[in-house]
Each structure stands twice: as C-alpha cells, then as structure tokens.
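This report sets out selected features of the structure shown below. Please keep the sequence and the model in view while reading.

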Amino acid sequence: MNIVFRVDASLQMGTGHLMRCLTLANCLQAQGHHCLFICREHPGAQPELIQGAGHRVELLPQGCYEPHLGEPSHASWLGATWEQDAEQVLALLQGQDLHWLVVDHYSLDQHWERKVRTCAQHLMVIDDLADRVHCCDLLLDQNLGRQARDYDALLPSTADLLVGPHYALLRPEFAERREASLVRRTHLRGIRKILVTMGGVDIDNVTEQVLGALDLSSDANLEITVVMGSKAPWLASVQQYAASMVSRVRVLRGVGNMAELMNDNDICIGAAGSTSWERCCLGMPAILICLADNQRGVIAALEQEGAIRSFDAAKLRECPQSLISLMRECQRDVLELVAKAAKVTDGLGAQRVTEKMESFYG
C-alpha cells in the first residue's frame, strides 16, 4: 500500500503526534508498505526523525493564522487556514495512487477531510479529543476510558472505530521487553532509580522544577535519568542544574532506547503523553504531571485504574516537598502499581492497526 501521513510537530504542540504516526509508519513499512509524511515547517518540526526512519517527507511552508469562532479549538496550531493546507496537500499528491491518507492533527476536521479525501482510496483519523466532526473511513483513539459512543455524533455511520490502549501505537521494543520488565519488577522492593521525562519539548521547563523537588530529599543514593527532546529549549538550563544536585543525575537528549531506560529504572515522573502507554506496557510505576488540558482525561482514567499517581503542576511550584511524600507512597504501593499498569496495554497496538488497514484490501 501507499500511505501518506499529514501530521505536525512543533515547540507549541510537542512531538507526540509525530512520534505515534512514525511508529505506525514503521510497522507498515515492515510489512512492505510505503509511507510519505507531509509536515509544516514549524519551529521544532524534526523532519530528520522521519528521514532517519527511511520515510520520505515533504515540508509545507511555515505560516501563521488567527482562528475564527467556531473552528476547531486548536486551529491556530496549523499555521494556515484549513483551505490553504488542503490545497497544498492536494498539490503535492496530484497524480499519485494512494491507498490511505492518515491525518493526526487537532487543527483539522471534516472540512479539510472532505476536501482532500478524493486523493486517496481511504482516509484515517487519529484523534484523542472527540470534540469535532470527522469524515473518514477509520478512526483511532487510543486513550484509556474512551468509549465508542463518544464518537456517535462525530463520524459517518460507515466508519470503523478503534478505541482504547489495546490499539496504542508503541514501537516493537516495548512489547519485546515487556516480560523481562515485569519479571524484574516483581522483585522491586524500593525506589532508587528515577526516570524524569516531561515530553519532547517541555516548553515550561517543568523538568527543572521536578529536579528541584527531588533535590530537597538530599539523597545521594538516588540515581536520576532525565530524558529531553533533541530540540528541547531548556536543555542547557537543566544540565546546569543537574550538575549541582546531591543525587547522581544524567541528562540525555533525543534518545532511541526509551524501552531500555524504562526497563532499567524503578519509577517515572513524567507527562501524560503517548509515553503513558509505553510505561504501562512495561509495568512501570509513574507519577504523572498534567502539562496540557488534553492530558487531563488520560491522567484521570489511569489513576482510576490504579495504574499511576498524579501530581499537580501548581503544587510542584508551591509545595515541591510534597512530591517526595508521594514518592514514598508509591514505594509502599509499588507492586500494586506495577500490576495495574501492566493490565492497560500489551504493546501490540501498532500491529493491530496495521492489520486493520490491510483488511480494507482483503
């Protein structure tokens, strides 16, 4: 099959949409399919990640746009009107024989989809919000707690729907390491090794706030690994602060071995992006801090399942020592956290989505 992905990354929206599309593209490529990415050249776009995985990428020119009332709530993230974006995409794809067009963008809805869908035999939407109408053949929402009925009024009656972390788009190394990680954690009796990962951008430098809270413990036995995106704007500041801490801290950027790092650490303090499903696959206990409104539902659902503990970003600033108290609670409940996190997903979602896309062609 020939598949095109319309997805963006930027300093404003982060890298999560791009990373999950790249995971699906890699799975499709492994089955012999061909993938092209169309991305707008925002600051922080990271086309090198796409090219490094062996996919072609076409860049749309950077722009700006002030949304109008009634448009999708994230319309300003697009950097153009939906009409301009659709026309640019159609111009790039003219004359190509495409089986699937996959769109993962909070800024786009049925208007854009109706305009471009003639360029491919089928259209797939990846969404988290269930807040706008779509015109598609297949929709994926991998969030825990999402129900099919949430999309009842938002999809054509003929559309297929894949819902929940059973379909979470994870790279294959997470499923490959799942058993070993769960076995290791059955013997976990304390928390000494901490992974801090606040997303690929962390525009508000929450990473340094977390390190400041951990530093209050004055525990020289803690081993802290900080993972930041390759274009994280606060990297130098975090590195400088980490060098001053009592605990042993290493700061890594743009890593390609996240499954290994998660397996080797006892707990994660992180944001509630797509890495939530990676941690659950490996049964990794986590304290999640909400960095954006669209993360609140994920955090609430995971906490209701008993798979994580949550911590408020405002509390991190006002009462940082309370993070240490929550860490002690997690140490007490660590085996329960491991068991409940592991039930959320097995890490094979990308294969299931690939098979579903292939099934449209028998």
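Predicted model: local features only at pLDDT ≥ 70, side-chain atom pairs only at ≥ 80, totals over all residues.

Strand 1, residues 2-7, pairs with strand 2 in the parallel sense, and 5 bridges link the two. Within this pairing, Ile3 has Cys35 of strand 2 as its bridge partner. Helix 1, residues 16-30, forms a right-handed β-α-β unit together with strand 1 and strand 2.

Strand 2 also runs parallel to strand 3, residues 56-60, to which it is joined by 5 bridges. Here Leu36 is placed opposite Arg56 of strand 3. A right-handed β-α-β unit is made by strand 2, helix 2 (residues 47-52) and strand 3. Strand 2 itself spans residues 34-40 and is mostly covered, with 6 of its 7 residues buried.

An open sheet is built from 6 strands with parallel pairing, in the order 10-9-8-11-12-13. Strand 10 (248-253) and strand 13 (309-311) are the edge strands; each has a single partner strand, so one side of each lacks a neighbour in the sheet. On average, neighbouring strands of this sheet are turned by 20° against each other, direction ignored.

Thr225 has Arg250 in strand 10 as its bridge partner.

## Helices on the sheet

Helix 6, residues 206-215, packs on the sheet and touches strand 8 (193-197), strand 9, strand 11 (267-271) and strand 12 (286-289). The direction of helix 6 makes about 175° with that of strand 9. Helix 12, residues 321-332, lies across strand 8, strand 11, strand 12 and strand 13. Relative to strand 13, helix 12 runs at about 180°.

How far is helix 6 enclosed by the rest of the structure? Helix 6 is largely enclosed, because 7 of its 10 residues are buried. The buried residues of helix 6 are Val206, Thr207, Val210, Leu211, Ala213, Leu214 and Asp215.

## Packing of helix 6 against helix 7

Helix 6 packs with helix 7 (residues 235-243) at an angle of about 10°, and their axes are 10 Å apart. Helix 6 is therefore roughly parallel to helix 7, as angles under 35 degrees are counted in that class.

Helix 6 contributes Thr207, Glu208, Leu211, Gly212 and Asp215 to the contact, while helix 7 contributes Ser237, Val238, Tyr241 and Ala242. By residue class, the contact of helix 6 with helix 7 comprises 4 nonpolar, 3 polar and 2 charged residues. Thr207, Leu211 and Asp215 of helix 6 take part in this contact and are also buried.

## Asn143 in its loop

Asn143 belongs to the loop between strand 6 (138-141) and strand 7 (160-163).

Which residues does Asn143 touch, not counting residues up to four places away in sequence? Asn143 touches Asp128, Gly164, Pro165, Trp277 and Val298. Tyr167 stands 24 residues from Asn143 along the chain, and the C-alpha atoms of the two are separated by 8.9 Å.

How values were computed: Residues numbered from 1 in each chain as written. Heavy atoms only, no water. Buried < 20%, exposed > 50% of the residue type's maximum accessible area, 1.4 Å probe, protein only. Helix = DSSP H or I, 4+ residues; strand = E, 2+ residues; numbered from the N terminus. Pairing = 2+ DSSP bridges. Right-handed = clockwise from strand over helix to strand, strands pointing away. Axes fitted to C-alpha atoms, helices over the stretch in contact; angles between N-to-C directions. Contact = heavy atoms within 4.5 Å. Parallel < 35°, antiparallel > 145°, perpendicular 65-115°, else oblique. Nonpolar A, V, L, I, M, F, W, Y, C, P; charged D, E, K, R; others polar.
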